[in-house]
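Q: I'm new to this one and would like to be walked through it. Could we start with the charged side chains and then work our way inwards?

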Amino acid sequence: MATWLQEFAYTMRVTEKCDVYSFGVVALEILMGKHPGDLLTSLPAISSSQEDDLLLKDILDQRLDPPTEQLAEEVVFIVRIALACTRAKPESRPAMRSVAQEIAAHTQAYLSEAFRLITISKLTDYQK
């Protein structure tokens with residue numbers, strides 16, 4: 001998987017998509033309590049195989065209590081955006097303007113299933 005640094009080394013240009021990727025990494029790092037490198041490198045396998053899917057609750061910082069109710073909804077919202085920002089192909093990442101607008105316009109989130117059952121692959125389908 002390409003990282004923003006690899007993209008920069010290849011193109012010798014810092015682009016908005018590099019910034020978007022960095023935003024996604026930082027958001028995931030805050031929620032996970034560690035750098036999301038292992039998660040990001042495993043995403044292609046997760047997307048192609050239900051067997052390797054991870055539960056969202058298992059990637060969150062285990063030092064904290066699992067989020068409930070509205071906080072769980074907000075976590076799902078941010079993880080979905082962060083995963084979109086860290087897609088391997090820069091052209092498939094949302095624009096930072098879209099990310100900012102989505103966050104600014106966000107109102108009450110709704111979980112269609114129990115937080116403990118939400119998988120990472122279900123959150124990688126965010127399109128903007």
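Q: Is E113 buried, partly exposed or exposed?
A: E113 is partly exposed, with a relative accessible area of 26%; buried here means under 20% relative accessible area, exposed means over 50%, and partly exposed lies in between, using a 1.4 Å probe and the protein chains only. Before going on, please note that this is a predicted model, in which local features need pLDDT of at least 70 and side-chain atom pairs count only at pLDDT 80 or more, while totals for chains, interfaces and linings use all residues. Residues are numbered from 1 along each chain as its sequence is written, and side-chain values use heavy atoms, with hydrogens and water left out.

Q: What does E113 meet in a salt bridge?
A: The side chain of E113 meets that of K122, with 3.0 Å from N to O, and K122 is partly exposed at 37% relative accessibility. A salt bridge here is a side-chain nitrogen of Lys or Arg within 4 Å of a carboxyl oxygen of Asp or Glu.

Q: How many salt bridges are there in the whole structure?
A: The search finds three. One of them joins K57 and D58, whose closest N and O atoms are 3.1 Å apart; K57 is partly exposed with a relative accessible area of 33%, and D58 is also partly exposed, at 44%. Another pairs R63 with D61, the closest N and O atoms being 2.7 Å apart.

Q: OK, stepping back: what is the protein built from?
A: The protein has seven helices and zero strands, where helices are DSSP runs of H or I with at least four residues, strands are runs of E with at least two, and both are numbered from the N terminus. Buried residues make up 37% of its 128 residues. The accessible surface comes to about 7800 Å², of which 56% belongs to carbon and sulfur atoms, and these areas come from the Shrake-Rupley method with a 1.4 Å probe, with only the protein chains shown counting as cover for residues.

Q: Which residues touch the most other members of the largest nonpolar core?
A: In that core of 22 residues, they are L28, L56, L83 and F115. Helices α2, α3, α4, α5 and α7 each supply at least two of its residues, and α5 gives the most, with six. A nonpolar core is a set of buried Ala, Val, Leu, Ile, Met, Phe, Trp, Tyr and Cys residues joined through side-chain atoms within 4.5 Å.

Q: What is L56 in contact with, leaving aside its neighbours within four places in sequence?
A: L56 is then in contact with V75, V76, V79, F115, I118, T119, I120 and L123, contact meaning heavy atoms within 4.5 Å. Apart from this core lies another one of five residues, among them V20, F77, I81 and C85.

Q: Where is V20, and which residues is V20 in contact with beyond four places in sequence?
A: V20 sits in helix α2 and is buried, with a relative accessible area of 0%. Beyond those neighbours, V20 is in contact with C85, R93, P94, A95 and M96. From V20 to R93 there are 73 residues in sequence, yet their C-alpha atoms are 7.4 Å apart in space.

Q: How many disulfides are there?
A: The structure holds zero, a disulfide being a pair of cysteine sulfur atoms within 2.5 Å. As for cysteines, C18 counts as buried at 3% relative accessibility, and C85 counts as buried at 0%.

Q: Back to α5, then: how far does this helix reach?
A: Helix α5 covers residues 69-85, which is 17 residues, and reaches 25 Å from its first C-alpha to its last, close to the 24 Å expected at 1.5 Å a residue; the expected span is 1.5 Å times one less than the number of residues. Its buried residues include E73, V75, V76 and F77.

Q: And what comes just after α2?
A: Just after α2, G33 takes a positive phi of about 80 degrees. Within α2 itself, the buried residues include K17, Y21, G24 and L28.
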